[in-house]
Amino acid sequence: MGVIEELEALKGVARKNWKILISYKAWFISDILMGFFFAGNALLIGLGLTGKRTSEALAKLSGYSDYLTFAILGFMVLTFGVTFMSGFVWSIVDELYAGTLESSFAAPMRRITFFLGSIMVRLILNLLYIGIYIPIFWITFGLEVDLINLLKGIVVLVIGAFGMMGLGLIAAGIVIYLKDPGPFIDILEMLVFALSGAMYPVKILPKPLQIMANLLPYAPTTEAVRKVALVGLSKSIEEILYLLLISATYSLLGVISYRWAERRAREVGLKSY
């Protein structure tokens with residue numbers, strides 16, 4: 001297919017998912033409220049543990065003393081990044097449950113078009129939510145972050161998105177093999193949350209888990225975005241270069257592993273319910 005045809009296919013898949021999303025209007029309310037609940041919990045955790053928003057222990061571990069700002073930036077990266085993994089995985093699971101996986105894969109479009117179309121609406125909404133959260137949090141909680149640096153951090157987030165997309169493709173390939181992928185998805189999402197560095201510095205984890213966290217794309221993305229937003233781009237070159245390496249590696253691994261997984265699955269028949 002040509003570029004125009006692929007874009008039309010992308011739009012078609014995205015439109016289908018948009019219609020599904022708007023049929024559950026309560027999702028919009030819960031999605032927006034989730035950010036406010038998270039910010040409130042982060043503030044209460046910081047106050048409950050230290051008696052104030054700032055923490056000398058956090059500053060020694062991460063270089064940032066304001067726990068609320070630290071956690072909110074981590075939440076932004078995590079919610080955006082998990083969209084790729086959970087979105088790619090659930091696009092396969094939904095087709096499996098509906099018994100339409102073979103017919104969807106027989107459609108004349110690239111597989112990445114199918115996956116990106118499945119999460120396009122969710123990605124746009126997540127960026128919209130960030131645009132709503134930040135001004136409100138800035139006014140309400142007095143976030144200690146420069147707006148220009150925050151915008152630069154969002155650009156760095158796009159770099160990390162390629163790595164998280166690759167991990168999503170790896171997970172989607174694994175799901176094709178499993179008859180009941182639910183437990184696998186739950187475990188994977190909990191693992192990503194625990195190793196993302198969103199709520200606490202990765203440095204507090206045991207050494208093996210620190211290594212694992214830094215080998216997945218989430219923690220490096222969180223660290224790079226957080227440092228660019230709070231310190232500046234010029235002082236974050238090392239984190240950005242490492243993120244580029246991780247993202248490139250996972251992008252390549254994701255494409256290779258998913259193609260292999262689907263090819264192997266086709267040899268025994270794609271599993272549908």
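Is Ile139 buried or exposed? Ile139 counts as exposed because its relative accessibility is 74%; buried means under 20% relative accessible area, exposed over 50%, and partly exposed in between, with a 1.4 Å probe and protein chains only.

A word on the source. This is a predicted model, in which local features need pLDDT of at least 70, side-chain atom pairs count only at pLDDT 80 or more, and totals for chains, interfaces and linings use all residues. Residues are numbered from 1 along each chain as its sequence is written, and side-chain values use heavy atoms, with hydrogens and water left out.

Ile139 has its place in helix H6; helices here are DSSP runs of H or I, at least four residues long, numbered from the N terminus.

I turn to the interior. A nonpolar core is a set of buried Ala, Val, Leu, Ile, Met, Phe, Trp, Tyr and Cys residues joined through side-chain atoms within 4.5 Å. The largest such core has 50 residues, and those touching the most other members include Phe84, Phe88 and Tyr258. Among the elements giving two or more residues to this core are helix H4 (67-98), helix H6 (111-141) and helix H11 (237-268). H7 supplies the largest share, 11 residues. Apart from this core lies another, of 20 residues, including Leu68 and Phe137.

Finally, the annotation. An unreviewed UniProt entry lists residues 67-93 and 240-261, among others, as "transmembrane region"; such annotations may be inferred rather than shown by experiment. In the model, residues 67-93 are 100% helix, with end C-alpha atoms 37 Å apart. Residues 240-261 are also 100% helix, and their end C-alpha atoms lie 31 Å apart.
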